[in-house]
Amino acid sequence: MSGHVFHPGHDDLHGVTVVVELRDGRTVVGRWHEKTPRGVLLHDLAIYDPASVTIPKEEWLAQLLKFGVPVDQKHILIPDDQFGGVRRFSA
C-alpha cells in the first residue's frame, strides 16, 4: 500500500530495511527506526567497509538480498554529517 506507515506516529521508513551510504565510503544495511535531531537510528544492521570486504559492494548487497542481513551490530546512530543517502533495500 503506497503511503502506508508501518507504525502510526513514525516516518514512512520506520521498520523498513534500507541501504544507507555513508560519506566515508561505508554502506550500512539495516532496519530504519527514526530520524532524530542527532542523526539516523538503525537497528539490526550489516556494514560494508571497502577497506575490509573483498567483494564488490553490489555483490555484497546481492548476497544480503538472497540470504538475509547478518547482524554485525544491533544499533547505530549515524550522525547527519556522515549520512550520504538512503534507499529501500529491495531487488
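**Note on the salt bridges of the predicted model**

1. Asp-80 and Lys-35 form a salt bridge in which the closest N and O atoms are 2.6 Å apart. Asp-80 sits in the loop between β4 (73-78) and β5 (83-88), while Lys-35 belongs to strand β2, so the contact ties together parts that are 45 residues apart in sequence. Asp-80 is partly exposed, at 38% relative accessibility, and Lys-35 is likewise partly exposed, at 43%. The model is a predicted one, and the distances given in this note should be read accordingly.

2. The search of the whole structure returns five salt bridges. One of them joins the side chains of Glu-21 and Lys-57, at 3.0 Å from N to O. This pair links distant parts of the chain: Glu-21 is in strand β1 (residues 17-22) and Lys-57 is in helix α1 (residues 57-67), 36 residues apart. Glu-21 has a relative accessible area of 24% and is partly exposed; for Lys-57 the value is 24%, which also counts as partly exposed.

3. A further salt bridge brings together the side chains of Arg-31 and Asp-44, with an N to O distance of 2.4 Å. Because Arg-31 lies in strand β2 (residues 27-36) and Asp-44 in strand β3 (residues 39-48), the pair ties together parts that are 13 residues apart in sequence. Arg-31 is partly exposed, with a relative accessible area of 30%, and Asp-44 is partly exposed at 22%. The cut-off for buried is under 20% relative accessible area, so Asp-44, at 22%, does not count as buried.

Notes
Residues are numbered from 1 along each chain as its sequence is written. This is a predicted model: local features need pLDDT of at least 70, side-chain atom pairs count only at pLDDT 80 or more; totals for chains, interfaces and linings use all residues. Side-chain values use heavy atoms; hydrogens and water are left out. A salt bridge is a side-chain nitrogen of Lys or Arg within 4 Å of a carboxyl oxygen of Asp or Glu. Helices (H or I, at least four residues) and strands (E, at least two) are DSSP runs, numbered from the N terminus. Buried means under 20% relative accessible area, exposed over 50%, partly exposed in between (1.4 Å probe, protein chains only).
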